[in-house]
Every structure is written in structure tokens, then in C-alpha cells.
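Subject: Structure for your review

Dear colleague,

Please find below the structure that I am handing over to you.

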Amino acid sequence: MTWLAAALMVIGGVFLLISSIGLLRLPDFYTRAHAVGKSETLGSMLVLGGLALNQGADLTSVKILLILVVIFITNPTATHALTRSAYRSGVAIWKNSQAADK
Amino acid sequence: MSAGPTGRRKNSMDTFLLYFALFVALLFGASLYRISAGPTVFDRTIGAGLIGTNAVLLLVLIGALYRRLDMFVDLALTYALLNFIGVVALAKYFERSREDSR
């Protein structure tokens with residue numbers, strides 16, 4: 001059980017690292033939002049699931065799973081709202097991208 | 001091994017949690033660079049949102065390290081909801097029409 005929890009947390013940590021590297025290295029706002037919105041959500045869910053597995057079955061573990069559900073719903077929603085706001089404000093896309101609009 | 005933060009005997013899971021919390025704390029650096037150097041205000045906001053999500057994970061990890069997870073879990077849940085509300089409010093506040101931007 002402990003090894004399974006540690007394995008889940010390590011996989012989640014890899015996703016968190018990928019998310020932060022994407023926020024640093026990607027070229028424009030929309031690709032950065034793509035990195036943060038998906039990879040960070042999956043990484044956080046894996047880390048919290050590992051912590052709940054490490055805790056065992058009690059009320060605290062249920063609360064950790066509640067945080068997991070809250071992050072699963074709110075993190076993509078916040079990223080989507082921010083990206084929609086940026087698109088309507090006319091934030092420029094990357095100069096090498098092949099999008100047809102704008 | 002030496003005593004843990006609460007004076008109890010430290011096991012290997014505590015060591016793993018300590019280094020994992022250190023790793024999550026080091027990920028703040030990428031977000032801080034993006035907040036400092038982001039070209040638009042939306043880049044800065046998404047960096048702040050990433051710091052908020054990582055801070056939720058860090059709160060739960062610190063709670064598991066100090067054996068006070070029942071208290072820290074409530075703080076983390078509150079912080080996750082406040083982070084979501086803050087990012088959505090900033091997205092709404094900074095949205096402007098395409099004509100008067102740039």
C-alpha cells in the first residue's frame with residue numbers, strides 16, 4: 001500500500017514537473033495555458049490520490065478526495081475562463097502557428 | 001533514524017514526503033519567473049494560479065509530515081476554492097474587447 005502511494009506520487013510529480021517546464025518554455029499564452037490546464041490537473045490528482053492512499057480509510061482521507069474532486073472541476077474551469085478572456089482581449093498567437101483566424 | 005518533526009520515530013515514508021514537498025516547493029520558481037517576465041497579464045495570472053494549485057499540494061504534504069492532516073486538509077480545501085475564485089475574478093476583470101487592446 002505504501003509503495004503504491006509512493007508510486008502514484010512520483011508519477012504525479014513527473015506531471016507537475018512537465019507542467020512547470022511547459023509554463024517556462026512554451027512560446028505563447030495559449031500553449032502555456034494548455035500545459036497548465038491539463039498536466040497540472042492530472043499531476044495534482046495523482047499526488048492527492050497517493051496521499052489519500054497513504055492515509056488509509058477515515059474522514060481525513062475522504063476530505064483529501066474532496067480536494068481532488070474540487071481541483072478536478074475548478075482547475076480546468078479556471079484555465080478555460082482565463083483563456084477565453086485572453087482570446088476575447090486579442091492576445092496574439094505564436095507567430096509560427098498555422099491558425100486561420102485573426 | 002533521527003526524530004521527525006513531531007518527535008516520533010521517522011520512517012522512510014516521512015523522508016519521501018519531505019523530499020517530495022521540497023520538490024513541489026522548487027516548482028514555485030518556474031511560476032515566479034513567469035509571473036515576473038510574462039508578456040501579458042494573462043501569463044502572470046496563470047502563473048499565480050499554478051502557484052495556488054502547488055500550494056494546495058504543499059499544504060497537504062506538510063500536514064502529512066506533521067501528523068496534523070485533519071487540520072491542514074481543511075486549510076487546503078479553502079485555499080483551493082479561494083484560488084479558483086481569484087483566478088476567475090481576475091479573468092473577468094482583465095477582459096476587454098478586441099478594439100481597445102493594443
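Predicted model: local features only at pLDDT ≥ 70, side-chain atom pairs only at ≥ 80, totals over all residues.

Residues are numbered from 1 along each chain as its sequence is written, and chains are lettered from A and ligands numbered from 1 in the order in which they are written.

Chain A has three helices and zero strands; helices (H or I, at least four residues) and strands (E, at least two) are DSSP runs, numbered from the N terminus. The radius of gyration of chain A, taken over C-alpha atoms, is 17 Å, well over the 13 Å that the globule rule (2.2 Å times the number of residues to the power 0.38) gives for 102 residues, so chain A is more spread out than a compact globule. Its C-alpha trace spans about 55 × 20 × 20 Å along the principal axes.

Helix H1 of chain A covers residues 2-25 and reaches 34 Å from its first C-alpha to its last, close to the 34 Å expected, where the expected span is 1.5 Å times one less than the number of residues. Among the buried residues of H1(A) are Leu8(A), Gly12(A), Leu16(A) and Leu23(A). A residue is buried if 20 or more other C-beta atoms, placed from the backbone, lie within 10 Å of its own. What covers the buried residues of H1(A) includes helix H2 (29-55) of chain A, as well as H1 (12-26), H2 (28-37) and H3 (41-65) of chain B.

Between the chains, 38 residues of chain A are in contact with 41 residues of chain B, contact meaning C-beta atoms, placed from the backbone, within 7 Å. On the side of chain B that touches chain A, H4(B) gives the most, with 13 residues. By class, that side has 26 nonpolar, seven polar and eight charged residues; Ala, Val, Leu, Ile, Met, Phe, Trp, Tyr, Cys and Pro count as nonpolar, Asp, Glu, Lys and Arg as charged, and the others, Gly among them, as polar.

The largest nonpolar core has 48 residues; such a core is a set of buried Ala, Val, Leu, Ile, Met, Phe, Trp, Tyr and Cys residues joined through C-beta atoms within 7 Å. H3(B) gives the most to this core, with twelve residues.

Yours sincerely

Methods. Buried ≥ 20, exposed ≤ 12 C-beta atoms within 10 Å, placed from the backbone. Contact = placed C-beta atoms within 7 Å.
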